[in-house]
Every structure is written in C-alpha cells, then in structure tokens.
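Please look over the chain shown below. The report that follows covers its fold, its core, its ring pairs and a few single residues.

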Amino acid sequence: MEDKKVYSNIDLLKFIFSFFIVMIHTSLFADVNTTVNYIFENIITRIAVPFFFLSSGFFFAKSFEYNKQKKIAG
C-alpha cells in the first residue's frame, strides 16, 4: 500500500484564504470604515490569489513527478 503525504498546513491555509477570496469581492468593511476596508481588501486579502496559484502549481508538479516515477517503475 502506498503512503500518501498529507499537507495539512496547506489545507488549512486554503480554507482561510478561501474566505479572503470572498472578502475581496464583497467589500466586507465598506460600511464600517473606508480606510480599514481599503487596507483589508486591497492589501491583506490579496495574498490569497498568489497563494492559490503557487499551491496549484506545487500540486501539479507533484502529480507530474508521481506519474513520471510510476511510468519508470512500472
């Protein structure tokens, strides 16, 4: 049986950053304070998009590497 490596930290960050993606599109703090809304929406939550891009690339490369090793071994 093959052991799969679990990336629980990446899963946790994906869960948190998925809320950030929603916050980018909803202007959560617009009614509270425009400065807070600007800082949160345009600075803090924007790290979610590059994170998803990089994590998708990481898992794509892992699957590509796994399939390459599988073809060599079998």
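## Overall fold

Along the sequence, the protein chain runs α-α-α. The model is predicted. Its secondary structure amounts to 3 helices and 0 strands. The radius of gyration is 18 Å, well over the 11 Å that the globule rule gives for 74 residues, so the protein chain is more spread out than a compact globule.

The box tells how the chain extends. Taken along the principal axes, the C-alpha atoms fill roughly 60 × 20 × 15 Å. Of the 74 residues, 14% count as buried. Contacts across the sequence can be split by separation. Among those between residues at least 6 apart, 65% join residues at least 24 apart.

## Helix 1

Helix 1 (8-26) has 19 residues. From its first C-alpha to its last it reaches 28 Å, close to the 27 Å expected at 1.5 Å a residue.

Which residues of helix 1 are buried? They are Ile10, Phe17, Phe20 and Ile24. These residues cover an arc of only 75° around the axis, which puts them on the same side of helix 1. The helical repeat gives the background: an α-helix has 3.6 residues a turn, so residues three or four places apart point the same way.

## After helix 1

Serine 27 follows helix 1, with a positive phi near 50°. That is a positive value in a residue other than glycine. Serine 27 sits in the loop between helix 1 and helix 2 (34-44). Its relative accessible area is 29%, so serine 27 is partly exposed.

## The nonpolar core

The largest nonpolar core holds 5 residues: Ile10, Phe17, Phe20, Ala48 and Phe51. Two elements give two or more residues to this core, helix 1 (8-26) and helix 3 (48-73). Helix 1 supplies the largest share, 3 residues.

What does alanine 48 touch, leaving aside its neighbours within four places in sequence? Alanine 48 is in contact with Phe17, Phe20 and Ile21. Of these, Phe17 and Phe20 are also members of the core.

## Aromatic pairs

The count of aromatic pairs comes to 9. One of them joins tyrosine 7 and phenylalanine 58. Their ring centres lie 5.4 Å apart and their planes stand at 90°, so this pair is edge-to-face. The pair links distant parts of the chain. Tyrosine 7 is in the segment before helix 1, phenylalanine 58 is in helix 3, and 51 residues separate them. Phenylalanine 58 has 33% relative accessibility, so it counts as partly exposed.

Another pair is formed by phenylalanine 15 and phenylalanine 19. The ring centres are 5.1 Å apart and the planes are at 85°, so this pair too is edge-to-face. Phenylalanine 15 and phenylalanine 19 are 4 residues apart in helix 1, which means about one helical turn separates them. Phenylalanine 15 is exposed, at 51% relative accessibility, because the cut-off for that class is over 50%. Phenylalanine 19 is partly exposed, at 44%.

Ring pairs also build a cluster. Its members are Phe17, Phe20, Phe29, Phe40, Phe51 and Phe52.

Serine 55 lies in helix 3. Is serine 55 buried or exposed? Its relative accessibility is 7%, so serine 55 counts as buried, the limit being under 20%. Not counting residues up to four places away in sequence, serine 55 touches Ile10 and Lys14. Ile10 is one of the buried residues of helix 1.

Alanine 61 is also found in helix 3. At 42% relative accessibility, alanine 61 counts as partly exposed. Alanine 61 and isoleucine 24 are 37 residues apart along the chain, and their C-alpha atoms are separated by 28 Å. Isoleucine 24 is among the buried residues of helix 1.

How values were computed. Residues numbered from 1 in each chain as written. Predicted model: local features only at pLDDT ≥ 70, side-chain atom pairs only at ≥ 80, totals over all residues. Heavy atoms only, no water. Core = buried A, V, L, I, M, F, W, Y, C linked by side-chain atoms within 4.5 Å. Buried < 20%, exposed > 50% of the residue type's maximum accessible area, 1.4 Å probe, protein only. Contact = heavy atoms within 4.5 Å. Phe/Tyr/Trp six-rings, centres within 6.5 Å; stacked < 30°, edge-to-face > 60°. Expected span 1.5 Å × (residues − 1). Arc of directions from axis to C-beta. Rg over C-alpha atoms; globule rule 2.2 N^0.38 Å.
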